[in-house]
Amino acid sequence: LEATKPWQMSGIDGISRFLKRVWRLVVDEHDNSLNPKLVDGEAQRDSRLNKALHKTCKKVLEDTEGMRFNTAIAQMMVFVNLATTADSLPRETIKTFLRLIVSYAPHIAEELWERLGEERYISMAPVPTWDEALVVEDRITIVIQVNGKKRGDIKVPKDGSKEDMEKAALANEAAQKFMDGKTPKRVIVVPGRLVNIVV
């Protein structure tokens with residue numbers, strides 16, 4: 001059987017680094033004990049890590065079913081990056097993540113699952129679910145225009161007021177550069193879409 005794509009060692013290096021980071025979420029790299037950041041109890045519903053976990057569940061499960069494996073892996077990398085910098089890691093959060101990655105890295109997932117005290121195989125654990133309320137974006141991206149030309153974009157709270165959008169746009173560096181120190185004649189705000197600064 002002939003390979004249809006060239007072999008790229010750089011791709012292997014990247015995945016190897018990613019899996020080492022997954023390993024370090026559970027195992028302390030200095031003495032092979034459990035990571036001291038692991039804590040019992042659930043993450044708070046409003047925590048960044050918990051929201052990221054639910055978004056990862058949705059993205060990985062939907063993309064895996066749609067055979068979009070690269071984007072599923074990319075989302076898992078996003079989660080691992082956030083988890084690596086977290087002050088604490090709820091065991092249940094990490095166990096849920098392991099139930100997502102098991103289809104992609106079964107051996108490492110099984111080993112980490114056992115180290116977290118589970119006795120049954122991870123492959124027998126139920127597929128994780130997500131809370132739809134936690135995967136809804138609470139921030140949106142709006143376009144900033146100066147005299148009708150796009151000069152950048154910013155993220156603002158989804159339910160922010162027109163005044164909040166205007167303040168954020170006027171404070172934006174790119175917008176200030178093109179305003180060139182001039183006072184706006186008027187600011188047109190289209191909620192959820194754009195802010196046009198007329199100078």
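This is a predicted model: local features need pLDDT of at least 70, side-chain atom pairs count only at pLDDT 80 or more; totals for chains, interfaces and linings use all residues.
Reader: Why is the pair of Phe69 and Tyr104 called edge-to-face?

Author: The ring centres of Phe69 and Tyr104 lie 6.3 Å apart, and a pair requires centres within 6.5 Å. Their planes stand at 70°, and an angle over 60 degrees counts as edge-to-face; therefore the pair of Phe69 and Tyr104 is edge-to-face.

Reader: What parts does the pair of Phe69 and Tyr104 tie together?

Author: Phe69 belongs to helix α3, whereas Tyr104 is in the loop between α4 and α5, so the pair ties together parts that are 35 residues apart in sequence.

Reader: What makes Phe69 partly exposed?

Author: Its relative accessible area is 38%. Buried would require under 20% and exposed over 50%, so Phe69 is partly exposed.

Reader: What makes the pair of Phe79 and Phe97 stacked?

Author: The planes of Phe79 and Phe97 are 25° apart, with 4.9 Å centre to centre. Planes under 30 degrees apart count as stacked, and therefore this pair of Phe79 and Phe97 is stacked. Phe79 lies in helix α3 and Phe97 in helix α4, so parts that are 18 residues apart in sequence are tied together. Both Phe79 and Phe97 are buried.

Reader: Which residues touch the most other members of the largest nonpolar core?

Author: Among them are Phe79, Phe97 and Leu98, in a core of 33 residues. Helix α3 gives the most to this core, with 7 residues.

Methods:
Residues are numbered from 1 along each chain as its sequence is written. Side-chain values use heavy atoms; hydrogens and water are left out. Rings of Phe, Tyr and Trp (its six-membered ring) pair if their centres lie within 6.5 Å; planes under 30 degrees apart count as stacked, over 60 as edge-to-face and the rest as tilted. Helices (H or I, at least four residues) and strands (E, at least two) are DSSP runs, numbered from the N terminus. Buried means under 20% relative accessible area, exposed over 50%, partly exposed in between (1.4 Å probe, protein chains only). A nonpolar core is a set of buried Ala, Val, Leu, Ile, Met, Phe, Trp, Tyr and Cys residues joined through side-chain atoms within 4.5 Å.
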